[in-house]
Every structure is written in structure tokens, then in C-alpha cells.
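Me: I have a chain open here and want to go through it with you. Can we start with the overall layout and then get to the side chains?

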Amino acid sequence: MSPSRDSGQTAPPAPASDTTRERVLTAAMEEFARHGIAGARVDRIAKLAKTSKERVYAYFRGKDALYADVAAREHAVIAEATQLDPSDLPGYAGRLFDYFVARPDHHRLITWGRLELPGTATPADEHAQALLAHKIDQLRQAQQAGRLDPAWDPADVLALVNQLATTWAAQPEHLEAAAAHAVDPTTAARRAAVVTAVERLFPRAR
């Protein structure tokens with residue numbers, strides 16, 4: 001179904017810190033994290049953003065395009081917030097753990113894209129791939145400088161560290177089980193386990 005267009009009247013500009021487009025992106029992130037891509041509804045996004053459905057479509061061609069923009073921004077925010085340090089992969093894993101423990105909805109947002117848009121090339125995928133390529137290059141340079149074991153392929157290093165760091169975010173049922181049955185049920189203990197596992201695989205540079 002083709003989206004309807006705006007009436008053509010130009011709305012007065014919103015303050016730079018609270019533009020309509022920014023409100024739409026913020027609302028869309030919440031909607032996609034909660035309902036996925038297929039289950040998300042543009043009318044709910046528009047209502048939450050305090051704008052019209054037509055205005056949303058004036059900015060974005062459809063839900064997939066809107067999701068792609070939201071996901072691309074989130075990948076950039078994660079990269080900035082967690083900052084890969086090839087000489088301290090345990091520290092990087094700890095930062096990733098902290099990020100997603102504080103923002104489980106952000107992990108769900110990314111997971112929905114993997115589930116619902118597999119094999120679909122989007123700007124979000126291109127941006128994510130560029131970020132991953134940069135991190136792999138950082139790891140390769142660390143190996144060449146003698147700060148990281150060169151026996152590992154840097155692509156494997158990145159994948160394994162990311163997987164360990166997001167273990168609990170990806171398996172909330174295990175987090176609930178740990179809270180009820182682990183010797184130490186605290187989140188701090190889960191974080192320590194992640195950091196220790198990465199340290200044993202990829203020790204900090206001395």
C-alpha cells in the first residue's frame with residue numbers, strides 16, 4: 001500500500017534539539033524494540049512522536065527504511081559508547097556487557113533486524129559492516145604490533161568477544177535462572193564471568 005503524502009504545507013521548524021524527525025526516530029526505536037519490524041505500526045510511532053503518519057512517510061519510505069535508519073544510528077552509538085581497545089579486550093567486553101544490561105531494549109532492536117531482515121542489504125547493514133571492518137583492522141594492527149596473539153584470525157577474535165559480552169543480553173532466561181540459582185546471583189558476578197572468560201582467551205597486553 002502506497003503511503004499518503006503530506007498536504008504540502010510547511011510546518012514551522014522545531015528546535016534543533018527536538019525536531020520532528022528526531023522525535024520519529026526516538027519513537028520508532030521504542031516501537032521496533034517492543035514489537036519487531038513486522039509488528040511495529042507507523043500510526044503508533046506517529047502518535048508517540050506527536051506528529052502525523054503522513055509526516056513520518058514524508059521522512060521515510062516505509063517501515064524497513066525507518067528501521068534501517070534507527071539501527072544504523074544505534075550501531076554508531078554502541079561503537080562510540082563501548083570503544084574497542086585491542087590491547088584490553090576484557091575491558092571492551094565489560095563495556096559491551098554494561099551497555100546492554102542498561103539497555104536491553106537496544107539489544108532487542110538489533111536482534112529483530114537479524115531475525116526479520118536476514119540477507120537484506122540495507123544502509124544499516126552497510127554501516128554495521130563498515131564498523132566491523134574497522135574493528136577487525138584495529139585488531140590486526142594490534143597483532144602486528146605484538147599486543148594481541150597473532151594465532152587468531154582477527155575476525156574470529158571480534159566475533160567471540162562480542163558473543164561472550166552479549167551472552168546474558170541474548171539469553172534473558174539464563175539471567176533469570178542465574179538470579180535465582182547462581183552461587184552469586186548479582187549482575188556484577190555475571191559481568192565478572194564475561195570479563196574473566198575474555199581475559200583467558202585474549203589477555204590484556206602487558
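Me: In what order do the elements of the protein chain run from the N terminus on?
Reply: This is a predicted model. From the N terminus on, the order is α-α-α-α-α-α-α-α-α-α-α. That gives 11 helices and 0 strands.

Me: How much of the protein chain is buried?
Reply: Of its 206 residues, 36% are buried. The accessible surface is about 11,900 Å², and carbon and sulfur atoms hold 54% of that surface.

Me: And the contacts, what share join residues at least 24 apart?
Reply: Counting contacts between residues at least 6 apart in sequence, 66% join residues at least 24 apart.

Me: Which residues of helix 11 are buried?
Reply: A189, R190, V194, V195, V198 and E199.

Me: What do they pack against?
Reply: Four helices: helix 5 (89–102), helix 8 (154–165), helix 9 (167–170) and helix 10 (172–181).

Me: R190 is on that buried list. Which ring does R190 lie over?
Reply: R190 lies over the face of W168, 5.6 Å from the ring centre. There is also R103, which sits over the face of Y99 at 4.2 Å from the ring centre.

Me: Now ring against ring. How many aromatic pairs are there?
Reply: The count is 4 aromatic pairs. One of them is Y99 with F100, where the ring centres are 5.3 Å apart and the planes meet at 85°. An angle over 60 degrees counts as edge-to-face, so this pair is edge-to-face.

Me: Are Y99 and F100 buried or exposed?
Reply: Both are buried.

Me: What about W152 and F202, what kind of pair do they form?
Reply: An edge-to-face pair, with 4.9 Å from centre to centre and 70° between the planes.

Me: Where in the chain do the two sit?
Reply: W152 is in the loop between helix 7 (123–144) and helix 8, while F202 is in the segment after helix 11. The two residues are 50 residues apart, and the pair links distant parts of the chain.

Me: Why does W152 count as partly exposed, and why does F202 count as buried?
Reply: W152 has 29% relative accessibility, so W152 is partly exposed. F202 has 2%, which means F202 counts as buried. The cut-off for buried is under 20%.

Key. Residues numbered from 1 in each chain as written. Predicted model: local features only at pLDDT ≥ 70, side-chain atom pairs only at ≥ 80, totals over all residues. Heavy atoms only, no water. Buried < 20%, exposed > 50% of the residue type's maximum accessible area, 1.4 Å probe, protein only. Contact = heavy atoms within 4.5 Å. Areas by Shrake-Rupley, 256 points an atom, 1.4 Å probe, with all protein chains shown as cover. Phe/Tyr/Trp six-rings, centres within 6.5 Å; stacked < 30°, edge-to-face > 60°. Lys NZ or Arg CZ within 6 Å of the ring centre and 35° of its normal.
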